[in-house]
Amino acid sequence: MPNARTSQLVARSAAALLLLLAAAEIGRRVADLPSLPALVDLQFDLTPRSQSYRVFDNSPIRRSSHPQPLPTALRPLDISVPWKDGGSLPVIDFLKTTSAHAFLVVQDGRVVYERYIDGYDANSRFTSFSVAKSFVSALTGVALAQGKIKSLQEPIGTYLKSDEIDPAYAAITIGQLLDMRSGIDVEENYEGSLTSPVVRMFVSTDLHAFVARRHGLRFAPGSRYEYRSVDTLVLSRVLARATGMHLADYAQAQLWEPLGMEQDASWSVDSKQHGVEKAFCCINTTARDFARLGLLYLNEGRIGERQIVSTAWAAEPRLPVNNGTILDYRDGWWIPPGNAADRDYSAIGVFGQYIYVNPATRTVIVKLSDYGVEQDEVLTMLAMRRISHYVAGKD
């Protein structure tokens with residue numbers, strides 16, 4: 001049996017451990033960090049990134065009350081796509097190489113190719129990552145059409161109070177947030193530890209506080225482009241204030257319902273306590289329902305006879321832009337090089353999430369993957385352009 005001294009040592013060690021855990025818990029709450037199991041899961045990728053909604057709290061988005069299944073006319077894709085070093089890959093090898101779990105091709109309103117890998121299927125839900133920014137852009141277009149926001153030139157200080165944002169940010173316009181030209185200083189480094197501001201934003205359990213604590217500008221608002229996820233987060237706060245609704249509820253009413261979304265979805269939030277959507281990422285839905293956003297833009301902002309966003313708004317991603325980058329960025333959408341004929345563009349999320357739209361071929365392609373931080377965006381979009389030409393008979 002243990003002697004008295006051993007029992008005292010065990011008791012002291014247990015007490016010290018409890019104090020350490022208590023201090024860690026206090027520190028976690030002060031720093032607005034999620035639970036320790038969630039942090040461990042995210043740090044060591046215990047849950048696939050494309051399934052990260054399982055780690056966070058989520059606000060539900062209900063399926064449409066009149067779901068509209070996409071017509072299907074499947075056919076094989078017996079082609080190769082351009083890939084690295086001037087080579088090419090058969091489509092299935094392209095999907096495997098880029099760790100795709102879901103790949104959907106919709107041409108002229110019909111699903112012509114659909115493939116799921118690694119045990120996923122048409123009912124599987126995936127996290128969007130920055131594809132969500134394109135949904136926020138669409139919701140901004142809806143709010144503009146409804147008169148809930150008056151103009152893209154409105155300063156965000158019209159909507160957000162001085163205790164919600166740094167006074168230096170009050171003159172930033174809605175349009176500057178859309179085009180990533182705000183200058184708000186939150187570094188975009190996905191591979192950083194919790195010292196990386198964008199990683200802290202991703203895991204924060206109080207996004208109101210996160211935004212309120214930001215100070216300083218990297219450059220004068222509007223003077224140049226620099227991709228920053230915080231811009232979409234701040235834009236979402238403007239939308240919530242302008243519409244008087246949580247972002248997930250507004251998305252359900254203005255997109256999920258009229259677009260005929262077939263499946264229930266969700267939007268990950270900072271915490272149950274605050275319920276602020278991670279608007280810069282983390283819409284969680286199926287490949288087919290992701291495709292419906294692309295179809296909305298392809299169809300000039302209309303669903304049937306209903307105009308969801310204006311024709312001009314839906315045309316924005318097709319317009320020429322020069323940000324001095326290989327992939328240009330406009331209103332939440334990415335524009336690939338050499339697109340003068342196709343006017344193609346794509347929503348893109350880190351780890352390989354895409355909603356690609358090609359107006360010239362009437363094609364929408366969805367690709368949902370776990371490919372890594374640097375996921376060959378330009379090559380992937382050129383591969384999807386090749387596929388869109390093939391299915392449209394332009395090849």
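I took contact to mean heavy atoms within 4.5 Å.

**Basis.** I worked from a predicted model, in which local features need pLDDT of at least 70, side-chain atom pairs count only at pLDDT 80 or more, and totals for chains, interfaces and linings use all residues. Residues are numbered from 1 along each chain as its sequence is written, and side-chain values use heavy atoms, with hydrogens and water left out.

**Core.** I looked up L255 and, leaving aside neighbours within four places in sequence, found it in contact with F135, A138, L139, Y250, M261, L296 and I308. A nonpolar core is a set of buried (under 20% relative accessible area, 1.4 Å probe, protein chains only) Ala, Val, Leu, Ile, Met, Phe, Trp, Tyr and Cys residues joined through side-chain atoms within 4.5 Å. The largest such core has 91 residues, and L255 is among those touching the most other members, as are F135 and I355. Apart from it I noted another core of 30 residues, including F94 and M381.

**Residue S346.** I located S346 in strand β13 (residues 345-349); strands are DSSP runs of E, at least two residues, numbered from the N terminus. S346 counts as buried because its relative accessibility is 0%. Its side chain reaches the backbone oxygen of I355 at 3.1 Å. Leaving aside neighbours within four places in sequence, I found S346 in contact with W333, W334, Y354, I355, Y356 and M381.

**Helix pair.** Helices are DSSP runs of H or I, at least four residues. I recorded K133, V136, L139, T140 and A143 of α4 meeting S229, T232, L235, L239 and T243 of α8.

How values were computed:
Buried < 20%, exposed > 50% of the residue type's maximum accessible area, 1.4 Å probe, protein only. Polar contact = N/O pair within 3.5 Å; in protein donor to acceptor, adjacent residues only side chain to side chain.
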